[in-house]
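Me: Hi! I have a model open here and would like to talk it through with you. Could we start once it is on the screen?

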Amino acid sequence: MLPIENNFLSEAASLSWKRCHELGLKPNDPVDDDILTGSHIHTLLRQNEQIIHYTEQIFEQMNAGIKQSGQMALLIDSAGTIIHTVGDVDFSRRALAVQLQVGANWAERRKGTNAIGVAIADKKPVRVHAEEHYFSSNRFLTCASAPIFNSTGELIGVINISGKQEHYHAYTSTLACMAAFSLQNKLLLEESKKEHLITLRELEHTALNHPLPLLSLSRDNRILRANHAAIRIVGSDAIGKELTKLDGFSVETIHNEHPKLWQSVSIAKQTANGQRLYTLRDIVGTCPTIIQKIELAKKAAMTDFPVLLLGESGVGKELFAQSIHSASPRSAEPFIALNCSAIPDSLIESELFGYARGAFTGANKDGNAGKFEAAHKGTIFLDEIGDMPLRAQAALLRVLQESTITPVGSSKSKTIDARVVAATNKDLTAEVKAGRFRADLYYRLKGIHLTLPALRERSDILALAVHFLQKQPFPCPFLTEKAQHKLLTYKWPGNIRELNGVLMQAVFLAGEQAIDAEHLSLEEPEEAVQPKSGEDQPSTLKDAEITVIKKALKASEWNLSKAAGQLRIGRTTLYRKIEEYGITLF
């Protein structure tokens, strides 16, 4: 039996309490106060010199926020010993009473249930708050920890953020995870650089001592490297010169197709306009919903089924479309994008299928290949498919059914092999019911359909904000608590695209200061429809939603787009709620 009732514990803390009980620990026992000092701590710090150095860089960016929130950040080795700390001075003094200091060990067997010990034991991120701590002396704390792993998956340490329980912040766990992830990446990059250097030295040694003449050439046949045997033939001044005479030399091109490598230069995949394509690694997010969508996109990429991406404007549909192509077996082939809403009705067929020579007045005299032909063997991305005219929908359906196209003005058909990814911010089921979208085309396109969440529905807004700020060409500015609160409570009608724009403006306004709420230029929401005097107030959240939706629909004369705009929600979300609540015109 555990010493007290523990139904208030999280699952991780509950399991930790059981382990502590099995170790014979008691909540009111004095905690282990053994601290490493002298030569022992100096040896430990020397052994962890590199990881401490990188942690200092990460903590430096977090330090202002940590101090302002009355917390401290710690780096702990894999055995549970604290090896580096930063943070609020006043809290640090209180923390000394429970030995949150360099040299103290916070493994479960010494300090009972705590975020550091549980993260080491479970090898997972964890928060331990207030009464969840096993030892009563630690229950004034709230702590969040995230494990750090090396390239082989071995636990090498923990990042922890601790503070008084009354200073609890929901974003602390996310911050600890981001710091651990950043530190992990720095360590992996350094290890990769060292391995690359060793490999180059090995190859150089082997080549220099090889008895046969060996040359390395650039794409334009210029000599990059030559071993001793080759120098005797081409001369010591030949490096950088063009090799015009290849007699006696057998030339072999060495490259990797995904992506192409030539010598030590990597050529990134590009779209038709020369821009680099996104990959799944470019999709940032810790929200469980977006992580699930990334996993589904990864699976969808390995099939050849059509994909339909649904979601409001600005949620990242093109990002997902490019990433699916980049992860697919077609990644070496073209990715062709077409915005169906930006092309006049009269030209969309020629854009999709091309046109023959002299097909119409003003046409290119030699004819022109359409988007489907350009995407042959690759992927065609049909953005805003919900705005495609009905006449073009019929032509598109024929291509999907027969895998052939007929250019405008031509009688000859061409076989086409292109994977189709389509996207729209419209509710296609509603469009089908309204007669604006063909049902047979809809079912052809939705082989695999992914609905991407709106930003206001995600739990990682702050993590995304930090990511965008880190992409700025200067040190990442800090978001104050008021700024974070403002970001979390805003409804984000423009989604991720709006968030990025707001942060760019905030960086400009803040200058070298921390970004505060006043620097976030957010559009003020329209005033909610107020009930008239005498009207019954809604008693539940559902009743409130029904009341507000009905009034918005009435005010807009059942124009769903206008009503959705007034309510600051997506049209798809509004339509779903109308069906869910059974709201009718009468």
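Me: What is the average pLDDT of the protein?

Reply: This is a predicted model, and the protein averages a pLDDT of 82. At least 70 is the score of 83% of the residues.

Me: How many bridges join β1 to β5?

Reply: Seven, and the two strands run antiparallel. Within that pair, L75 stands opposite I159 in β5. Strand β1 (residues 71-77) also pairs with β2 in the antiparallel sense, over five bridges, and I76 has I82 in β2 as its bridge partner.

Me: And β5 itself, is it enclosed or open?

Reply: Strand β5 (residues 155-164) is largely enclosed by the rest of the structure, because eight of its 10 residues are buried. Strand β4 (residues 141-149) pairs with β5 over nine bridges in the antiparallel sense. One of the residues there is S145, whose bridge partner in β5 is N160.

Me: What about the hairpin of β4 and β5, which residue takes a positive phi?

Reply: That is G153, with a phi near 85 degrees; the hairpin has five residues between the strands.

Me: Changing topic: how many residues are in the largest nonpolar core?

Reply: It has 29 residues, and those with the most contacts inside it are L352, F372, L382, I385 and M388. Elements giving two or more residues to this core include β10 (307-310), β11 (335-339), α11 (348-353) and α13 (390-402). Helix α13 gives the most, with five residues.

Me: What does I385 touch?

Reply: Leaving aside residues up to four places away in sequence, I385 touches L308, C340, L396, A422, A423, T424, F437 and L445. There is also a second, separate core of 23 residues, which includes L499, L503, A506 and L522.

Me: I was looking at Q393 in α13. Why does Q393 count as buried?

Reply: Q393 counts as buried because its relative accessibility is 0%. Not counting residues up to four places away in sequence, Q393 touches M388, R436, F437, R438 and L441.

Me: Last one: how do α16 and α17 cross?

Reply: The axes of helix α16 (residues 461-470) and helix α17 (residues 481-489) come within 10 Å and cross at roughly 120 degrees. The crossing of α16 past α17 is right-handed.

Me: Which residues meet there?

Reply: From α16, I461, L462 and A465 meet Q484, L487 and L488 in α17.

Note on methods
Residues are numbered from 1 along each chain as its sequence is written. This is a predicted model: local features need pLDDT of at least 70, side-chain atom pairs count only at pLDDT 80 or more; totals for chains, interfaces and linings use all residues. Side-chain values use heavy atoms; hydrogens and water are left out. A nonpolar core is a set of buried Ala, Val, Leu, Ile, Met, Phe, Trp, Tyr and Cys residues joined through side-chain atoms within 4.5 Å. Buried means under 20% relative accessible area, exposed over 50%, partly exposed in between (1.4 Å probe, protein chains only). Helices (H or I, at least four residues) and strands (E, at least two) are DSSP runs, numbered from the N terminus. Contact means heavy atoms within 4.5 Å. pLDDT is the predictor's confidence in each residue, from 0 to 100. Two strands pair if DSSP finds at least two bridges between them. Axes are lines fitted to C-alpha atoms, for helices over the stretch in contact, and angles run from 0 to 180 degrees between N-to-C directions. A crossing is left-handed if the near helix is turned anticlockwise from the far one by less than a right angle, and right-handed if clockwise.
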